[in-house]
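The following note sets out numbered points for a colleague who is new to this entry. Please read it alongside the sequence and the model.

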Amino acid sequence: LELLREFEAQKKTFFDEQSTKKHNFKMPTEFAMFMEDKLNESEDDEGQETDLEIFVATKSVFGKRNLVQCSDQYLEISNEAWFMLFDCVLNPIISHIKQLLSEPLMMRHC
């Protein structure tokens, strides 16, 4: 829950701080430790533990790599990824509104 709150807070400040190429937020200590424990439970094929920073670096977001990084207890999300996150929510809303506005019945009193 704390992670979601921090993410929501950072979403609100994203457009104020676009001068940087990344927008980061602090992961709760408990969440970072939980993730480290889960990664250690599922060791790689050679029996070696996987560091959270390395694990995150190997993942892709929306089919693209290097958009999210983990540094200490901060998730660093590139501006490109933030825009993708916003777009996947806003684009269907925009399409729906355009479709509603194209219907004569809806526009009758406008």
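1. Helix H1 lies across S1 and S5 and runs at about 150° to S1. Angles run from 0 to 180 degrees between N-to-C directions, with axes fitted to C-alpha atoms, for helices over the stretch in contact. Helices (H or I, at least four residues) and strands (E, at least two) are DSSP runs, numbered from the N terminus.

2. The model is predicted: local features need pLDDT of at least 70, side-chain atom pairs count only at pLDDT 80 or more, and totals for chains, interfaces and linings use all residues. Residues are numbered from 1 along each chain as its sequence is written, and side-chain values use heavy atoms, with hydrogens and water left out.

3. S1 belongs to an open sheet of three strands, ordered S1-S5-S4 with antiparallel pairing. At the edges are S1 (22-26) and S4 (68-71), each of which pairs on one side only. Neighbouring strands are turned by 25° against each other on average, direction ignored.

4. Five bridges join S1 to S5 (residues 74-78) in the antiparallel sense; strands pair if DSSP finds at least two bridges between them. Asn-24 stands opposite Glu-76 in S5.

5. H1 (residues 2-13) also packs with H4 (residues 79-101), at an angle of about 95° and with the axes 12 Å apart. The two helices are therefore roughly perpendicular (65 to 115 degrees). Phe-7, Gln-10 and Lys-11 of H1 and Trp-82, Leu-85 and Phe-86 of H4 make the contact (heavy atoms within 4.5 Å).

How values were computed. Angles under 35 degrees count as roughly parallel, over 145 as roughly antiparallel, 65 to 115 as roughly perpendicular and the rest as oblique.
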